[in-house]
Amino acid sequence: MKILLLEAGGRGGSDFFQALLDGHSQILSFPGYLRIDNEFKEMLLLKNIEDIPKRFINIYPEYFDSRLNKVERHHRLGVKKNKFFKVNKELFCQKFVELQKNSEKKNNIGILKALHYAYSIAKKEKQCKKKILFVHTHLYQYTKEFTKIFKEKNIEIVHTIRHPLASLNSPIKRWLTYQNGKNFFSKDLYFQLNLVFHGIFDLMKLKKVFIIQYEMLHWKNVFTMKSFCKKFNIKYENCMKSPTYFGLKWWGDEISQRWISGVNKKFQINIDENYFFKRDLIFLQYLAEDIIKNYKYELIYPRKKIYFNFLPMKSELLVWKNSFKHLRFKQILSIPFFYILRISLINKLLMNKKKLPISIGVRSN
């Protein structure tokens, strides 16, 4: 069974892509992120197999009652936004124990597969031969930890991206306005910058990487999903035309502050210039030029060679202001550190020149 890890680029549509895979008969997955943190690792070390599914439920209660996952709006599913899903906890525990007792593999990967199969049975999913174990690790740190814990050769990574400037614009704009910006500071801005310019190359150090472009999921949905199916030897199914969870219509996460109805063939790449100086956008575009060209995006602004940008970017000034607004002293003190780090590591001289991974659904590849 192929193991696919899904990591997100900056507001790159990873949840949207996972929602398009919902209900596929040959894919095993959980309805959300699998956080490979200390709690998860401690669960794998439990000696009594009956304790493992119980601990799993405690770590991921939102998998069993979607009303708990308000950020992803799993409490507002369905056409009328009034549906949710529940999974039988007792049946899940029972099936996990049965699977583990009958399994020859009682190692970490055996536990992971048993958790997925038990969940599939408990959610009353049609049982047939599964070809892909699909794990939404979401963040690089969880993806890296997964590859350390599960030392399998058949692990590959799918990384969702969008136009680099949009991939910066969207999280900066959304996180500064979501809950009045209480969760977005200098370290978070640096994280987004590093994700766009170095994220793909960091992943390539772990495993083989494939790219899914968020725009293509809208513009060429059927072709892109069929290309994904062909790449990983599974059949194309009609459920891949619209984003759902448990077959219920999904409307996008709360952070977007919009209700997204599904695939949009008129999807546009928009940049809100309220969050950038023009010189910032030209600089950032030049840094991302190789990514833009490789994935056949357009240059939005006039091309100009700017190797360093020593002046504070407008997004930095906004984030610094946000730190003072919330009187987050730790974040205020971190401003000089992340400003220097940005100048040192986010510049044209340090942009990676390695060959970029293919984009699934782009014909020329």
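**Cavities inside the model**

Author: A search of the whole structure finds 3 cavities of 30 Å³ or more. On a 1 Å grid over the protein atoms alone, a cavity is a set of points where a 1.4 Å probe fits but cannot get out. Grid points are joined across faces, edges and corners, and a volume is the space filled by probe spheres set on the points. This is a predicted model: local features need pLDDT of at least 70, side-chain atom pairs count only at pLDDT 80 or more, and totals for chains, interfaces and linings use all residues. Residues are numbered from 1 along each chain as its sequence is written, and side-chain values use heavy atoms, without hydrogens and water.

Take the largest cavity. Its volume is about 120 Å³. It is lined by 14 residues, and Asp22, Gly23, Ser29, Phe30 and Lys123 are the closest to its centre. Lining residues have an atom within 4 Å of a point. Two elements, α1 (14-21) and β2 (27-33), each give two or more residues to this lining. Helices (H or I, at least four residues) and strands (E, at least two) are DSSP runs, numbered from the N terminus. β2 gives the most, with 5 residues.

Now the second largest cavity. Its volume is about 90 Å³. Its lining includes Gly9, Gly10, His159 and Arg162. Here β4 (155-161), α7 (164-177) and α8 (186-204) each supply two or more residues. The largest share, 3 residues, comes from α8.

Methods:
On a 1 Å grid over the protein atoms alone, a cavity is a set of points where a 1.4 Å probe fits but cannot get out, and a pocket is an open set with protein on both sides within 12 Å along at least five of seven lines; lining residues have an atom within 4 Å of a point.
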